[in-house]
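Have a look at the fold below before reading on. The notes after it walk through the parts worth a visit in your viewer.

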Amino acid sequence: MSSPHSVVAIVGRPNVGKSTLFNRLVGRRSAIVEKNPGVTRDRNSGISKYHGFQFIAVDTGGFEPVAESSLVQKMAIQARLAVEEADCVLFVVNALEGWTPADSEIYRTLVKAETPLFVVVNKADNPRLEEESFEFHQLGVENIYPISAEHNRGIEGLLEEVDQLIPLKIKEKEDYNEDLSRSDAPIAVAVIGKPNAGKSSIVNALLRKERMIVDPVSGTTRDPVDSQCSFEGRDILLVDTAGIRRRGKVSRKIETFSIVSALKSIERADVTLLIIDAEEGVTEQVTKIAGYANERRKSLVIVMNKWDLVKKDGITQKEVKEEVYDSLGFINFAPVIFVSAVTGQRVTQIFENILRVHEQYVRRIQTSDLNTILQLIVNQHPPPSKSGRPTKVFYGNQVSVAPPTFVFMTNNPEKTNFAYERYVSNQFRFHFGFEGTPLNFIWRKKKSTHSKKPGKRS
């Protein structure tokens, strides 16, 4: 089981560069960045893998201590909730504007939260601005950290300081894989899904006791709760999460914790149970939740709950499964099971599938078997050629598990496109199984073994 990542909340007045810093940390333009203040209205969460550091970054709307409009009030609430949940806070201020009265008020509010706090002076794009930023030592601010999110300056040094208080450094992959491969290590299972899909009822059915508070009102589960159990001699750690809500629907305090809670639980998990209300089916929000788990490369089991309430009208499980795969084609490797937490129907199948997909998640293939099948696959359907020159795949090697990751050596790695990867993935599943687990392929150019002949001396 992987350790949970630390949560770093980015807060500050509107238009100080919070979203630019967030985008720099997560490595993609995930947040909308505009010059107009207040563009980021909801918390935006993502996994940051920045220069050897790894954590959950949470971008927030502008933290306005005195809210004049309904929108600003909601943004302030979101920011405060992010601070409550965070392991540390990056309070971003603007070097070009200096320390403002609003900064002072926000700073006093953040200090009261008693969460580790770092004052980050953004837009310090040159040495003069870095020197002038020392005015931010007002109000007893002992340490300030001048950075330029736009130009990627000072961020690594800031994270080094944060790492002294909370763990941000990435654990070595080899050690992590050794832990996962141990047969006595508990299997961590994240239970995810929309609010009121029956996640807590599923956990209770698996534990055979009322471990969770179950209520028809969505959002009853406020925090992730771990529960230990065992099946066929194998220890399993169940993590029940607050349901992920559509952003536009987030209104009550207990519901706004859900995104980060679910992300933290998914990160800790080896297996994710995607709970879907069988009466409701696959919705847009279910698709987004499945995407979170797939992005994190976790093994998956799709659980259609409340199957006893579905009016069958001649519809079969096979037909419903095909509909699920039509909607969630990107995780069509995940088994689909039909259960009822209330009646207990097929609940034991959940345990059986957890063990099965986890076995595939940490599975290693013998190199000789891998290359025998790889050559069969390539001969059957070669990769696209480059300028009339055939693309060759020389050999492959499995470099890690969780998920199974393979490196293939080729003369034209850029020609192995998404369509060809999908073909190789389907063939791997046909020959090796790998049910319920994503596969990771890395294509590398094989170095030439021929050394250049030395030139003639003149």
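What follows is a short tour, going from the whole chain down to single residues.

## The whole chain

Keep in mind that this is a predicted model. The protein chain holds 14 helices and 15 strands. Of its 458 residues, 52% are buried.

The mean pLDDT of the chain is 80, with 74% of the residues at 70 or more. Over residues 38-43, pLDDT stays under 50, although the model gives them 28 contacts beyond four places in sequence. Residues 172-176 also stay under 50, and there the model has nine such contacts. Where pLDDT is low, the predicted coordinates should not be read in detail.

In soluble globular proteins, nonpolar side chains tend to be buried together. Here, the largest nonpolar core has 32 residues, and Leu274, Ile302, Met304, Leu328 and Ile331 make the most contacts inside it. Helix α10 (residues 284-295) is the top contributor to this core, with five residues. Domain 1 (7-165) and domain 2 (187-362) each supply at least three residues to this core.

Pick out Ile331 if you want a way in. Leaving aside residues up to four places away in sequence, Ile331 touches Leu274, Ala290, Asn294, Leu300, Ile302 and Tyr325. There is also a second, separate core of 26 residues, with Val191, Ala197, Leu206 and Phe231 among them.

## A covered helix and a covered strand

Helix α7 (residues 199-207) is largely enclosed by the rest of the structure, because eight of its nine residues are buried. Which residues are those? The buried ones in α7 are Lys199, Ser200, Ser201, Ile202, Val203, Asn204, Leu206 and Leu207. Leu206 has turned up already, as a member of the second core. Just past the helix, Arg208 takes a positive phi of about 60°.

Strand β5 (residues 117-122) is mostly covered too, with five of its six residues buried. Strand β4 (residues 88-94) pairs with β5 in the parallel sense, over six bridges. To find the pairing on screen, look for Val92, which stands opposite Val120 in β5.

Most residues other than glycine have a negative phi, and most peptide bonds are trans.

Asp313 is another non-glycine residue with a positive phi, near 45°. Asp313 lies in the loop between β11 (299-305) and α11 (317-327). Are these two residues buried or exposed? Asp313 is exposed, with a relative accessible area of 75%, whereas Ala402 is buried, at 5%.

How values were computed:
Residues are numbered from 1 along each chain as its sequence is written. Side-chain values use heavy atoms; hydrogens and water are left out. A nonpolar core is a set of buried Ala, Val, Leu, Ile, Met, Phe, Trp, Tyr and Cys residues joined through side-chain atoms within 4.5 Å. Buried means under 20% relative accessible area, exposed over 50%, partly exposed in between (1.4 Å probe, protein chains only). Helices (H or I, at least four residues) and strands (E, at least two) are DSSP runs, numbered from the N terminus. Domain bounds come from an automatic or database domain assignment. Contact means heavy atoms within 4.5 Å. pLDDT is the predictor's confidence in each residue, from 0 to 100. Two strands pair if DSSP finds at least two bridges between them.
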